[in-house]
Amino acid sequence: MRAILLLLGQLWSLPNTLIGLFFGLGGSYSWDSANRVVVVHGGWVAQSFGRRYFSGMCIGDVVLCSQKLPERIYQHELVHALQGRILGPLYLPLTLLCYAWGYLTFPKNGHDASPLEVWADRASGNAQSNAYLQRRI
């Protein structure tokens, strides 16, 4: 039953995954069979990560990174993969809406105030690195 749900989630997230694969063009692709995601090191989008102060991003079942991610950040990105499997094609529009909400409610660091980021930080054990959550403690 778990395998069927996983497959359905991956099919539901397929449009996002295709976008993620496109964003990874020019990078080196590998398959993480334990988490069932494609990991792309480099690529045309990841080249800008260092300039934007982050090292990874997940779109669908694709984790894009500019370098090998620390385990805590990789776990955070895997939560985004789960979110994509749950929300399917709604994931990317909801991500944009959540970032807008985040910047409206916490202009200092709207990224961290995004409900999807709060979810990912709490689920991956990274709540201590989330500026929005630390502000509320």
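**Aromatic pairs and a helix packing**

The count of aromatic pairs here comes to four. Please keep in mind that this is a predicted model. I will take two of the pairs, then turn to a helix contact.

A pair of aromatic rings is described by how far apart the centres are and by the angle of the planes. Start with Phe22 and Trp44. Their ring centres are 5.5 Å apart and their planes stand at 70 degrees; over 60 counts as edge-to-face, so this pair is edge-to-face. Where do the two residues lie? Phe22 is in helix H2, residues 14-23, while Trp44 is in the loop between strand E2 (37-42) and strand E3 (56-59), so the pair ties together parts that are 22 residues apart in sequence. Phe22 has a relative accessible area of 46%, which makes it partly exposed. Trp44, at 43% relative accessibility, is also counted as partly exposed.

Now Phe106 and Tyr132. The ring centres are 5.5 Å apart and the planes are at 65 degrees, so this pair too is edge-to-face. Phe106 sits in the loop between helix H4 (91-105) and helix H5 (110-113), and Tyr132 sits in helix H7, residues 131-136; the pair therefore ties together parts that are 26 residues apart in sequence. Are these two buried or exposed? Both Phe106 and Tyr132 are buried.

Back to Phe22 and Trp44 for a moment. Together with Phe23 they form a cluster, linked by ring pairs.

Next, the helices. Two packed helices are described by the angle between their axes and the distance between those axes. Helix H3 covers residues 71-87 and helix H6 covers residues 115-123; they pack at about 125 degrees, with their axes 8 Å apart.

Which residues make the contact? From H3 they are His76, Val79, His80, Gln83, Ile86 and Leu87, and from H6 they are Leu116, Glu117, Trp119, Ala120, Asp121 and Ala123. By type, the residues of this contact are seven nonpolar, three polar and two charged.

Staying with H6, its buried residues are Leu116, Glu117, Val118, Ala120 and Asp121. After H6 comes Gly125, with a positive phi near 80 degrees.

That is where I will stop.

How values were computed:
Residues are numbered from 1 along each chain as its sequence is written. This is a predicted model: local features need pLDDT of at least 70, side-chain atom pairs count only at pLDDT 80 or more; totals for chains, interfaces and linings use all residues. Side-chain values use heavy atoms; hydrogens and water are left out. Axes are lines fitted to C-alpha atoms, for helices over the stretch in contact, and angles run from 0 to 180 degrees between N-to-C directions. Helices (H or I, at least four residues) and strands (E, at least two) are DSSP runs, numbered from the N terminus. Contact means heavy atoms within 4.5 Å. Ala, Val, Leu, Ile, Met, Phe, Trp, Tyr, Cys and Pro count as nonpolar, Asp, Glu, Lys and Arg as charged, and the others, Gly among them, as polar. Rings of Phe, Tyr and Trp (its six-membered ring) pair if their centres lie within 6.5 Å; planes under 30 degrees apart count as stacked, over 60 as edge-to-face and the rest as tilted. Buried means under 20% relative accessible area, exposed over 50%, partly exposed in between (1.4 Å probe, protein chains only).
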